[in-house]
Amino acid sequence: RLDYTGEVSAESYARVLAAAADEARELLDRGVQTAPAATLADALKTASLALQGTGIDENGNTLYDQDALQQAIGTITPASVKARESRAVYDKLQTAIDYANKVYGWWKDDVRKATIVQNLKKEIDKAVGMVTDFTLTTGQLNTEITLVNARAKYVDKQVYASTNACGTDAELRNPDSYWSYERSMQSKHWIIFWEKSYGTTA
């Protein structure tokens, strides 16, 4: 990531570091895996010390050690990257849970699907416990994402993708396609897609 700081000064580095520190706090508040969380917490401590400065000038402005600011930026930046990657996996699991809960709500009273719906509910309950367990590995989380999605798709109706109208199923799974599942809303019987220019949220 590139940050434009204008004139390169200690104050410029302090603004960049302060923004990085705010992002780090947000990531830690939301939760990431244990190892990247520990690395990011250490980097945040270093950043906080650097942002305290070395004193105050006659105008009341904080004086900074520019080398300390640069070192702190160099530490917190890669730590934040790892933390974002970790948070993204948990967000992906939460997305799978949200979809699975919708499917469960649509079909829970269908006696013909009673067994597979109950299996879906068990998988949802398991995933809910995992989405706040930050001791898990990325492999464990990705496995659960696959299981939740598979259970939900087995219960839910299959989306009919007209190749001429909206492309193949593989194309719909690509967020860069003209139509994509990432830009859609689904009910029990219908799915609506919208163009990329409208963003990913309805």
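**Notes on a helix pair and some aromatic rings**

1. Let's start with one side chain: Tyr 181 is partly exposed, its relative accessible area being 23%. Keep in mind that this is a predicted model.

2. Tyr 181 has an aromatic partner, Phe 193: the pair is tilted, with 5.9 Å from centre to centre and 45° between the planes. Have a look at where the two sit, as the pair links distant parts of the chain. Tyr 181 lies in the loop between helix H7 (169–172) and strand S3 (184–186), while Phe 193 belongs to strand S4 (residues 191–193), 12 residues apart. Phe 193 counts as buried, because its relative accessibility is 18% and the cut-off for buried is under 20%.

3. The count of aromatic pairs comes to 3. Another one of them joins Tyr 178 and Trp 179, and this pair is edge-to-face, at 4.9 Å centre to centre with 90° between the planes. Tyr 178 is exposed at 51% relative accessibility, whereas Trp 179 is partly exposed at 23%.

4. Now for the helices. H2 (residues 34–52) packs with H3 (residues 66–107) at an angle of about 150°, and their axes are 8 Å apart. Angles over 145 degrees count as roughly antiparallel, so that is how H2 and H3 run relative to each other. Their crossing is left-handed.

5. What makes the contact between H2 and H3? On the H2 side you'll find residues including Pro 36, Leu 40, Ala 43 and Leu 51; on the H3 side, Leu 69, Ile 76, Lys 82 and Ser 86 are among them. By type, the residues of this contact split into 13 nonpolar, 5 polar and 1 charged.

Technical notes: Residues numbered from 1 in each chain as written. Predicted model: local features only at pLDDT ≥ 70, side-chain atom pairs only at ≥ 80, totals over all residues. Heavy atoms only, no water. Axes fitted to C-alpha atoms, helices over the stretch in contact; angles between N-to-C directions. Helix = DSSP H or I, 4+ residues; strand = E, 2+ residues; numbered from the N terminus. Parallel < 35°, antiparallel > 145°, perpendicular 65-115°, else oblique. Left-handed = near helix turned anticlockwise from the far one by under 90°. Contact = heavy atoms within 4.5 Å. Nonpolar A, V, L, I, M, F, W, Y, C, P; charged D, E, K, R; others polar. Phe/Tyr/Trp six-rings, centres within 6.5 Å; stacked < 30°, edge-to-face > 60°. Buried < 20%, exposed > 50% of the residue type's maximum accessible area, 1.4 Å probe, protein only.
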